Structures are given as C-alpha cells and as structure tokens.
Amino acid sequence: MKSLVLAEKPSVAKEIARVLGCQQKHKHYMEGPSYVVTWALGHLVTLAEPEEYDPKYKNWNLDDLPLLPSRMKLKIIRETTPQYKAIAQLAKRNDLEQLIIATDAGREGELVARWIMEMIHWKKPFKRLWISSQTDKAIRDGFASLKPGQSYDPLYRSAVCRAEADWLIGLNITRALTCKHNAQLAAGRVQTPTLAAMMDREREIKSFQAKDYWMLRAQFGSFQAVWRSQAHPDGRLFDKAAADALLERLNKVRSAKVAQLKVTEKSEPHPLAYDLTELQRDANKRHGFTAKQTSNVLQRLYEQHKLVTYPRTDSRYLSSDMVSTLPDRLKALNVQPYAAWIKPLLAKPLPVSKRIVDDSKVSDHHAIIPTDERPQLHNLSAEERKLYDLIVRRFIALFTPAFRYDETSVTLEVGGEHFHAKGRIVKEAGWKALYEASAGADEDDDTAEDEPASRQTLPPLQPGMELKEFRLSQHKQTTKPPGRYTEAALLGVMEKHNLGTPATRADIIEKLLQTDTIERRMNTLQPTGKGAQLIELVVPELRTPELTAAWEQELERISKGKGDAGKFMESIRKQTETIVREVKASEAEYKPHNLTHSRCPECGKPLQEIKSKRGKLLVCSDRECAYKRAAEPALSNKRCPQCHKRMEIHTGKAGKYAQCRPCNVVEMLGESGGGGRAAKRQQTQLAKQFSDNVSLGSSLEEALKAAMAKHKKD
C-alpha cells in the first residue's frame, strides 16, 4: 500500500518526490514504490460566490444585503480544475491507504489541503508533514516523524473562520458601499483599519502648524554642548527676543566650568532573530524593498534555493530542539564574505541564551534563520542575495558579543546656565561590527535633530575644571510635522495593533494600492482622494483597530484549541448585519476624486482616470456603464530616430502612424502597428509563403528579398 502526498506547489512536490524516490513522472503526479506525490496550485478550492447561492446575486443590489448564507459552500476554482480532477481521481485508487498533508506548515497551507480533502470526500486516515525548511534532511526527518492529522484540526477551524469572516465582512461592506454610492469602493476586516491609521497620520500632518524656535549651542574646541533649563528641558526657545537676550548675556561670560561629569558603561545586546514582519521592515529600510517584494524573494530562498527556514512566522526565537543544529548551520555559512565571522564562533561552544532560544515564545514556527545548505551565492539574483545577506548577518549576530561603550555625560555651567553634552567611547564593537558597511542603517530613524551627535569624542574632563575657550551660537529651526508612513513604519503600526498576521500584511498593503485607496510616493505611502473619502463612508466600528485586533486574537485562540469557532462566526454575522444597516442608513455622499473633463461617449457621464497594470485608463463614472479606454496612447516598438524613445501609435485619415511628440517626428505604420512582434510574424509568414527553406536568421530583409524574387520568377 502507498501514501498519497499532497504538496502546495509543483516545485515543492518535485523536491519531495525526488527525496522519496518517486521517479515515475506523470502530468499531474509523480509515483514511487511507497508514495504518490501530487500538488495543488495554491488554492484549488475556494468559497463559493454569491450567485452560486442564488443567481439573482450576480447583480449587485443594496436591498439583497446582507448576504449571510447559513452554511458556506465551497467551489472548485475554474482555472485549476484539471489538477483538482486529477487529485480526485487519485483519491479513488485502492492502493492508497493514507494521505499526507505536505502543504505549507501554516494556517493557509492547512486550509488548502483540508478544503481539497473535503471536496474529494477523503475518508481514509491522514497525517501531517510539519517542517520548517525544504532541505533534503528536513524532508526525510519530517517523513520519519509525521504528526496525526487531527492534531491540526484547531488550526483548520481557525483558517476556515478567517476565510469566512473575510468573505462575510469584505463582500457585504464592499457591495453595500459600491451600490450605495455607485462607485467601486472596497473595504475589509483588516484593510479598513489599516487605511484609518494612515488617515489619522494624514490629519495630524494637515492640522500641523509649523513654529520657529531657537536653540543655543556652545562649541568647546572638539565637542559641542546644547543649552537646557528646567523650564525648557528640550532646549527650545520659541521667543526670539528671549533667545537673543540669553545669547547676549552669556556672550559676556569668559569661562565655563564642568559642573557634573558622569561616565556610564553601557551595552546593547544583539537584536532578536527575524520574524517575517521585522524582516520586511528591515528590507524596506535598508534596500527599499516593498513588503510584498520581500515575501516573494523570501519564498524563493525557502522553496527554490532551500537556504532559509519557513518564512511566514511570527516568532523571533528558536526552540530548544534546534540548539544541536546551530553549529551545522554556521559551518554551511563558512564562505566569503562570512568566513571571518564564522571561524571564531566554531572554535568554542556557542553562547546560547534565552534571548536566542525560548520555547515559550515559539508558536507554530521558529524565527527565520539560514538552513544547513551551503549557499551558492553566485546562483542568487541581486534581490535574493541582499535578503539572504540580511538573514545571515542577523543569524551570526545572535552569537556575537554585545556592543559595549562608555557614555560620558557632562554638564557645563556658563554664567549660571547649563549646557549639556554626551560622548561615547566604543570598548567592543560586538555585533555592530557586522553592520559597519551599512553604518547608520540600524540606527533609530527618529533620532532628534536637535541633539548634538552623542557619538562625539569628549576630551579628558574633571569636575570643577574651567574651560576658557568656547564659542556660543544661536540656531533657528522649525518644528516639523510627523512624517508619512514608509512601508516599514506601516508594518510596525499593523503589528502593534494586531492588524493581520505576518503572512497577510504585505497582501493587505498591496490590496490598498491596487484599489487606488493608497499610493506610493517616493518611499512613502499615503491615502488617495478615494481613500480619504472611503474612510468617512465606512462605519466607525470597522475603522478602529481594536475590533479587528480582537478578531485576530480570537482566531489565534481558536488555532490553539482554546477559542470557540461557533461563537466567533456568530459575532461576525451580527457585526456584518450592523455594518450593512449603517451603510444603508448613511446620508454621506461620495464624489469621485479622479473625474476628468472628458465625457463617456455611451452615456454622457464624466470619465474618471484610474491606474491599471497596463497604464492609465479612462473609465465611465457610472458603474452600470462598461465603457473604458486607454488614457494614454499605446506605444509602438518603433524608436524615434532623434531621441530613440518609443513612439506613440495613433490612427488618422491615412491610417495608423507612429509619432514622437517632443521631436515632432511622424512615420506611417502598416496594419500591424509597425516594428512589433505582430509585424515580425507577418514578415516571417510572407517569407515562408513565397520561399522554400529560406533561413530567417539575423538578416530578415535579405530573406524577404530572396523570397519575393523567387516568387516573381515563378
């Protein structure tokens, strides 16, 4: 008898099949002496659409809401039906005694497998492969210690609750808002409070009023000190006259005295290992990666290259059973540019502390660390190399000494006023030496600009010492509004308020971007005009993070077998009814922020400009009207002979033509649009039609001439 192994993706199935010795390759599965390995394509099964409960729901109607099916139905995703049918067919084989779930070891992976099992009516025993890396050893060890499938029933219940809650809340509020305001408005359980957090920041920025202030500084040879008093602990003086008077009075003083001197030994322990959110934040700060970009690159490092452990984790600690594997992981990293760090660590026992290993803080998966695969760095893309480097350095830092330094604080008295300075002397660079190449990237972004550099070196000083030489100066500055969120900062806000999970936060941000609710500007994110209006149209309960955070916490409790799935879904249904009722009763209005002066040729209503993957589109503002067209001219592959940029395609009375507006160059085109793939295909077909065995190599023009010449002779 054999076991049926269900992986989440073909690439993972291929690796599992290789390790298990399944050498017979078929279109939808691979087979060996003991195992049949097949795969999903992500989700093969999903929740049914409203119209599959009743055809009338195909048309969006406010009176039909809320949609609250008593029992949620599943459906097979049309695009992946062939693979689903193949799995269903395999399930009927009499020589298969059990199923092994080998999808991703997490909430979504559990849902992928269980929904397939439900649809194919799997009644035989099943087990769970639960591994944190895709190396051959991890796969072999995982199959040697399979877990009972029922042990993950709570995780499955949590996954179903999450999916059904998002369907009920997201679908109902999106339909309600869209029907009520005749505009495409999307809201959801997590994306709406995330947008609300951004709008709160936007209001702070708009209501902010800049004020001028002045600071007094004293330059004592090689170091600088700043004036402070009990009344002004931050040293800011908002009264110019008072600042001038203070400077004038102190300029008459000829000496300064060291009033206080304090030397403190300080140390900063290494940072914790990465979870997904922290890695996304760090990759955004250091390399400008988006959260989604980090997730995608990380998935390749995990699945394809097998260099890192399971990506979608929310833990920053390792479990005690991993301690014995740490030396092998470090040995695998004994390559350039890490060898100089690795060799000293391997020469003695590793300093494993509670800051690294803590079973109580590891849930389903431990922190993201390198595997024991020796990296072939030349095989990695630039993005993969950068992200892997972050993970490796953070891992090495776990076993590296703390950053130690002496901090000297000095208070100098000048004419009865006090000036303060700090300096530091590094005693041991420790883990910070790993980041010397990118100095400053690991520092707090919010360092106050008013502070003189705390890293300045102070000369030898003694209490009571007099300093004769110093120069006072006054500096005018202006208060600044809070900054807009970078993606790293927004991820931090989402994490703080328990909005989403590490696995879903990147997708939430992308969903807000795709629906034109927020936009990227340089390295920051900010709401669009649509987003600003949308947050006012959404019911207040859904704007606040508290409700969504409570839902996320309850989902976590359900996944651990402590929560009640039935009560959770009951609360979601009641909340859905409340939300729809409030939207229906609302008197708020929505005015599209992106209306143009152009009119729809079919219904006469204004067109609005929207962004799409293919560029900007002009779409009718009436949702019932399907009219849309490109807002920008299509580009041909023909290059302008002057500036060499791609030329626009236009249609005039004489036919299609290519135009470069800046250079005022116009060239007529054939029907194919000129210079593109279609034109090349057309030329190739002509050549084949008129010639036998003509080689269409680099000189297509010569081949065409030869073919035409032969045709004339014939």
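1. Where pLDDT is low, the predicted coordinates should not be read in detail. For the chain as a whole, the average pLDDT is 89, and 91% of the residues score at least 70.

2. Now to the seven-stranded sheet. It is open and antiparallel, and its strands come in the order E15-E12-E13-E14-E11-E10-E16. Which strands stand at the edges? They are E15 (466-467) and E16 (471-478); each has a single partner strand, so one side of each is left without a neighbour in the sheet. Helix H7 packs on this sheet and touches E10, E11, E13, E14 and E16. The direction of H7 makes about 170° with that of E16.

3. E14 (residues 417-428) pairs with E13 (residues 403-414) in the antiparallel sense, over 11 bridges. Thr411 has His420 of E14 as its bridge partner. E13 and E14 form a hairpin with two residues between them, and Gly415 in the turn has a positive phi of about 55°. E14 also pairs with E11 (residues 223-228), again antiparallel, here over three bridges. Trp227 is bridged to Phe419 in E14. As a reminder for viewing, side chains in a regular strand alternate between the two faces of the sheet.

4. A word on aromatic pairs: the count comes to 10. One of them joins Tyr213 and Phe238, with 5.6 Å from centre to centre and 50° between the planes, which makes the pair tilted. Tyr213 lies in strand E10 (residues 212-220), while Phe238 sits in the loop between E11 and helix H7 (240-250), so the pair ties together parts that are 25 residues apart in sequence.

5. How do H1 and H4 cross? The axes of H1 (residues 10-19) and H4 (residues 136-144) come within 10 Å and cross at roughly 70°, which means H1 is roughly perpendicular to H4. On the H1 side the contact is made by Glu15, Ile16, Arg18 and Val19, and on the H4 side by Asp136, Ile139, Arg140 and Phe143. By class, that contact has four nonpolar and four charged residues, with no polar ones.

6. The other pair is H6 (residues 191-207) with H14 (residues 505-514), which pack at an angle of about 75° with their axes 10 Å apart. H6 is therefore roughly perpendicular to H14. Gln191, Thr194 and Leu195 of H6 meet Ile508, Lys511 and Leu512 of H14. The classes here are three nonpolar, two polar and one charged.

7. Some backbone details may call for a check by eye. Most residues other than glycine have a negative phi, and most peptide bonds are trans. Where are the cis bonds to look at? One runs from Leu65 to Pro66, with omega near 0°; Pro66 is in the loop between strand E5 (45-47) and strand E6 (74-76). Another runs from Gln336 to Pro337, with omega near 10°, and Pro337 is in the loop between helix H10 (326-332) and helix H11 (339-346). Lys306 has a positive phi of about 60° although it is not a glycine. Lys306 is placed in the loop between helix H9 (291-303) and H10.

8. Finally, there is a four-stranded sheet. This open, antiparallel sheet has the order E23-E24-E25-E26. E23 (635-639) and E26 (665-668) are the edge strands, each pairing on one side only. From one strand to the next the twist averages 40°. E25 (residues 655-660) is joined to E26 by four bridges, the two running antiparallel. In E26, Glu667 is the bridge partner of Ala658.

Technical notes
Residues numbered from 1 in each chain as written. Predicted model: local features only at pLDDT ≥ 70, side-chain atom pairs only at ≥ 80, totals over all residues. Heavy atoms only, no water. Axes fitted to C-alpha atoms, helices over the stretch in contact; angles between N-to-C directions. Parallel < 35°, antiparallel > 145°, perpendicular 65-115°, else oblique. Contact = heavy atoms within 4.5 Å. Nonpolar A, V, L, I, M, F, W, Y, C, P; charged D, E, K, R; others polar. pLDDT = per-residue confidence, 0-100. Pairing = 2+ DSSP bridges. Phe/Tyr/Trp six-rings, centres within 6.5 Å; stacked < 30°, edge-to-face > 60°.
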